Amino acid sequence: MAAELIDGKKVAAVIREEVRNEVAAYRAAGLAPRLAVILAGDDPASVVYARSKEKACSNVGIDFELFTMPAATPEDEVVALVERLNRDPVVHGIMIELPLPKHIKKQRVLEAVRPDKDVDGVHPVNRGYILSGSDGLFPATPQSVIEIMLRSGIVIQGKHAVLVGRGETVGKPLVFMLLNKNATITICHTKTADLGYHTRQADILVAAVGRAGMITADMVKPGAVVVDAGINDAGGGGICGDVDFDAVREVAGAISPVPGGVGSLTTVLIQKNVLKAVRMQTGK
Ligand code: NAP
């Protein structure tokens, strides 16, 4: 029997409605949640991402401001803008579009953002909060992996979760987020011996690699939950995940597709972070 489909678009629509209602309540109380995005340089993909965030924010009523800076802008000027936004009480969330121009030290700029405005969840303080199991602002994609399961009725507690990929964006933060949900975790990477042995032990298998179709049906335990966080170029302008979807859905118990899975939740979870940032900054 084919696996149950974990529908990211459906889950995202539910969260979007929650965000829209919460934003409306803030606005009714005279508080306008606001996201500022800094785009230094002219990377075409970053321009598209920034514009799509703008559209998504207007869709839920979050104020959005895009700060564009020429590619030759000195690092000190980018940091000065971040510091100005840090001090501005009407700005609740700050995001830096990556990649930054080569002469700018990414780490210096990311660490300049106030942790309670770091809605991308990349500041070392927020990374530390994930480790200690404290509350903070956490990155959207690993959060999406957790949310898509919980809101689809999948129990994480007590399950053996096997994670393929230990990247800074998805895999590494996800290790601790899954641990905080009381999963037992195995982490696999390029130096893992006999990857298939480990993936076949998984009750929950998460792929966060960036290699199309690398998780094949023989690597999956019958009935397992398979969550695909990978995004790969499928040619013709399309995308695909790390999982060989058609074959694996015949073995798995539940599976998230790409597109229409984890990636569908990321923008709305950034918006949830903006609302969390509002609470952290205003106590409201
Ligand atoms: P990354 O930093 O490049 O990390 C990739 C990880 O995969 C590394 O830990 C690497 O192992 C491991 N890996 C590569 N080939 C492998 C193999 N053959 N066997 C086992 N492990 C292997 O990637 P990332 O930034 O975390 O992103 C991971 C994926 O998520 C990408 O496809 C990315 O596009 C996608 N992503 C999706 C979203 C979304 O919204 N859905 C957002 C961000 C990223 P080593 O550590 O040993 O090198």
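Biologist: Which residues are buried in α6?

Modeller: This model is a predicted one. In α6, the buried residues are Ala-140, Pro-142, Gln-143, Ser-144, Val-145, Ile-146, Glu-147, Ile-148 and Met-149.

Biologist: Why is helix α6 said to be largely enclosed by the rest of the structure?

Modeller: Helix α6 spans residues 140-150, and nine of its eleven residues are buried, so the helix is largely enclosed by the rest of the structure.

Biologist: What covers the buried residues of α6?

Modeller: The cover includes the helices α1 (8-28), α7 (171-180) and α10 (266-282), together with the strands β7 (204-207) and β8 (225-228).

Biologist: Why is Gln-143 called buried?

Modeller: Gln-143 has its place in helix α6. Its relative accessible area is 17%, and buried means under 20%. Gln-143 therefore counts as buried.

Biologist: Why does Asn-273 count as buried?

Modeller: Asn-273 lies in helix α10. The cut-off for buried is under 20% relative accessible area, and Asn-273 has 3% relative accessibility, so it counts as buried.

Biologist: What makes the pair Gln-143 and Asn-273 a polar contact?

Modeller: The side chains of Gln-143 and Asn-273 are joined at 3.4 Å, and a polar contact requires a pair of N or O atoms within 3.5 Å. The pair therefore qualifies as a polar contact.

Biologist: Which residues does Asn-273 touch, not counting those up to four places away in sequence?

Modeller: Asn-273 touches Val-119, Leu-137, Phe-138 and Gln-143. With neighbours within four places in sequence left aside, Gln-143 is in contact with Phe-138, Met-177, Leu-269 and Asn-273.

Biologist: Why does Pro-89 count as exposed?

Modeller: Pro-89 is placed in the loop between α3 (75-87) and β4 (93-96). Exposed means over 50% relative accessible area, and Pro-89 has 67% relative accessibility, so it counts as exposed. The C-alpha atom of Pro-89 is separated by 9.3 Å from that of Thr-282, although the two residues are 193 residues apart along the chain.

Biologist: Why does Glu-17 count as partly exposed?

Modeller: Glu-17 lies in helix α1. Buried is under 20% and exposed is over 50%, with partly exposed in between; at 37%, Glu-17 therefore counts as partly exposed.

Biologist: What makes β1 and β6 the edge strands?

Modeller: The open sheet has six strands in the order β1-β11-β8-β7-β5-β6, with parallel pairing. Its edge strands, β1 (4-5) and β6 (184-188), each pair on one side only.

Biologist: How do you know that β8 pairs with β11?

Modeller: Strands pair if at least two bridges are found between them. Two bridges join β8 to strand β11 (residues 254-255), and these strands run parallel. On the β7 side, β7 and β8 pair in the parallel sense over four bridges, and Val-206 has Val-227 in β8 as a bridge partner. Four bridges also join strand β5 (residues 160-164) to β7, where Ala-161 stands opposite Ile-204.

Biologist: What makes both faces of β8 covered?

Modeller: In a regular strand the side chains alternate between the two faces of the sheet. In β8, Val-225 and Val-227 are on one side and Val-226 and Asp-228 on the other, and all are buried.

Biologist: How many bridges join strand β9 to strand β10?

Modeller: Three bridges join β9 (residues 232-235) to β10 (residues 238-240), and the two strands run antiparallel. Gly-235 stands opposite Gly-238. In this hairpin, two residues lie between the strands, and Gly-236 takes a positive phi near 60°.

Biologist: Which residues come nearest to the ligand?

Modeller: Of the 21 residues around the ligand, the nearest are Thr-141, Arg-166, Thr-190, Arg-211 and Ile-231. By class, its shell holds nine nonpolar, ten polar and two charged residues.

Biologist: What lies 2.9 Å from a nitrogen atom of the ligand?

Modeller: An N or O atom in the side chain of Arg-211 lies 2.9 Å from that nitrogen atom. A backbone N or O atom of Gly-210 is 3.3 Å from an oxygen atom of the ligand, and a polar backbone atom of Ala-229 is 3.2 Å from an oxygen atom of the ligand. Taken alone the ligand exposes 930 Å², of which the protein buries 71%.

Key
Residues numbered from 1 in each chain as written. Predicted model: local features only at pLDDT ≥ 70, side-chain atom pairs only at ≥ 80, totals over all residues. Heavy atoms only, no water. Buried < 20%, exposed > 50% of the residue type's maximum accessible area, 1.4 Å probe, protein only. Contact = heavy atoms within 4.5 Å. Near = heavy atom within 4 Å. Polar contact = N/O pair within 3.5 Å; in protein donor to acceptor, adjacent residues only side chain to side chain. Areas by Shrake-Rupley, 256 points an atom, 1.4 Å probe, with all protein chains shown as cover. Nonpolar A, V, L, I, M, F, W, Y, C, P; charged D, E, K, R; others polar.
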